[in-house]
Structures are given as C-alpha cells and as structure tokens.
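Reader: Please take me through the side-chain contacts of the model shown here.

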Amino acid sequence: MARRLALVAGGLLVAGAIGLAAVLVLLRSPEATEAPPRPSSVPRKQAVERVRELAARVPPGDQVALRARPGGRILARVGARTEFGSPQTLAVAFRKGDWLAVRSPALGNKQLGWVRAAPLRLLRRPVELEVDLSRRELSVRDEQGAERRISVAIGAPDTPTPPGEYYVTDKLPGADFGSYYGCCILALSGRQPNLPQGWSGGDRLAIHGAPTPTWGQAVSNGCLHADEADLRYLMKTVPLGTVVEIHA
C-alpha cells in the first residue's frame, strides 16, 4: 500500500513537472508574449496634387461655395453663370482627395478657393497661354508642344499689367461692349489694381482688340491688345477655363 502511494505521488510529481515545463515554454514563446500588430487607426494624409490641365464647370442652376480650405469657412459663392452670362468654368490649380482648389474672379488675383469635386463637371484643357511682359508676347501651347506666338500690347508704365496666374472666364463679341474692343474679347479672371483716375470701365483684365494697331507697345490700362486675326484664332482655339500665366 505504501509502495502504491509512493508510485501515485511520484506520478503526480512527474505530471506537475511536465505541466510546469509546458507553462514555462508558453511564457517564453514569442507568440504568447507579443500581441499581434493592430492596424493603424491614424488616417493617412492626402497629398496635394498640382493640376494644370483641368477646369471645373458649375452645373446649370447650381451654386457652389468656395472655401478657405477643404471644409473650411466660405469665402464666396458662385453660380452657374459668370457676370457676363457665360457658363461658370473655374480653372483648377490643386487637387486633394475629392476637393479642388480653384481660381475665381470672386477671390481676387492670388487667393484660391476649395470646393468639392462631386457636383462639378471636370473638363480637360488642352492648351495654355503664357504672356511674357518683357517681350510683349503671348504664346499659345498645346499638348504636343506646338506653339503660336502673338505680339500684344501691355499696360502702360502708370497702369502696368499685373503678373499672375489667371484663366479665361468668357469669350465675348467686342461689338457688344464698344468698337474700341475690336472684334473679340477674352475676359480673364484677373483684376487690375492700378486703374487710372476717373476710369469707369471696370477692373477686369482681358485680351481684346484696339481701334489702332498697338501690338508690341506698353500703352493699355492693363489689358492685352492683339490683332484681329490673332483674336479670332484665340476665340476658336482657347476654351473657357484655360490657364493664362503672365510674368515679367
């Protein structure tokens, strides 16, 4: 009986030792001590993408808010038509997720407004205009790199054409506004901060004609003057929303 009890006790000790060893192995196991990695709960920051070839048109009957930043305070609201009656077509400067940073005459020459892309119709713009004030020249470039150069008049010393990045907001017949505009007007989003005293013709920049040839001279109130043949080419080639970069 004593021997049987000793065997039983010995078995219990062996079982206990095996169990303790198993526990120690589990405690030392990396799988038991290291928690599985958790998926990151921090949202990834969306990159801001520079955009050159897109314009955004406001749908008919709609109105959109232009904000200081995505989801931020409202700077201005714009409807489906410009002040001259053209379809409201905004030039896109940046994109961040489903938000677009756009230019608008309602925001001045330098400020951008953020608007959700969802309600807008995105349009590709295959050409871009560049104005070199020092050369008094306007260049039209397409996607293939083809270029047409146009001699233009620029602002006089007292009313210089302001450099900046603008876009074409309207294409209008010059006769509707006066014979001194020539055949055609391409209104730009930019505004002239250096108007002459007593001027009552508005502050919007534009590309238009002139009663007499002025191309290549610094004689305007800030607008760009071009020959009729060149203006008709621009009216046919350049869609609303096309970027116009003016530099010294």
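**Side-chain contacts**

Author: Arg148 lies over the face of Tyr233, 4.0 Å from the ring centre, where a charge sits over a ring if NZ of Lys or CZ of Arg is within 6 Å of the ring centre and within 35 degrees of the ring normal. This is a predicted model, in which local features need pLDDT of at least 70 and side-chain atom pairs count only at pLDDT 80 or more, while totals for chains, interfaces and linings use all residues. Residues are numbered from 1 along each chain as its sequence is written, and side-chain values use heavy atoms, with hydrogens and water left out.

Reader: Which residue lies over the face of Phe94?

Author: A charge over a ring is also found at Phe94. At 5.3 Å from the centre of that ring lies Arg50.

Reader: Which cysteines form a disulfide, and how far apart are their sulfur atoms?

Author: The structure holds one disulfide, a term for a pair of cysteine sulfur atoms within 2.5 Å. The link of Cys183 and Cys184 is left-handed, with -100° about the S-S bond. The sulfur atoms of Cys183 and Cys184 are apart by 2.4 Å.

Reader: Is Cys184 buried or exposed?

Author: Buried means under 20% relative accessible area, exposed over 50%, and partly exposed in between (1.4 Å probe, protein chains only). Because its relative accessibility is 4%, Cys184 counts as buried.
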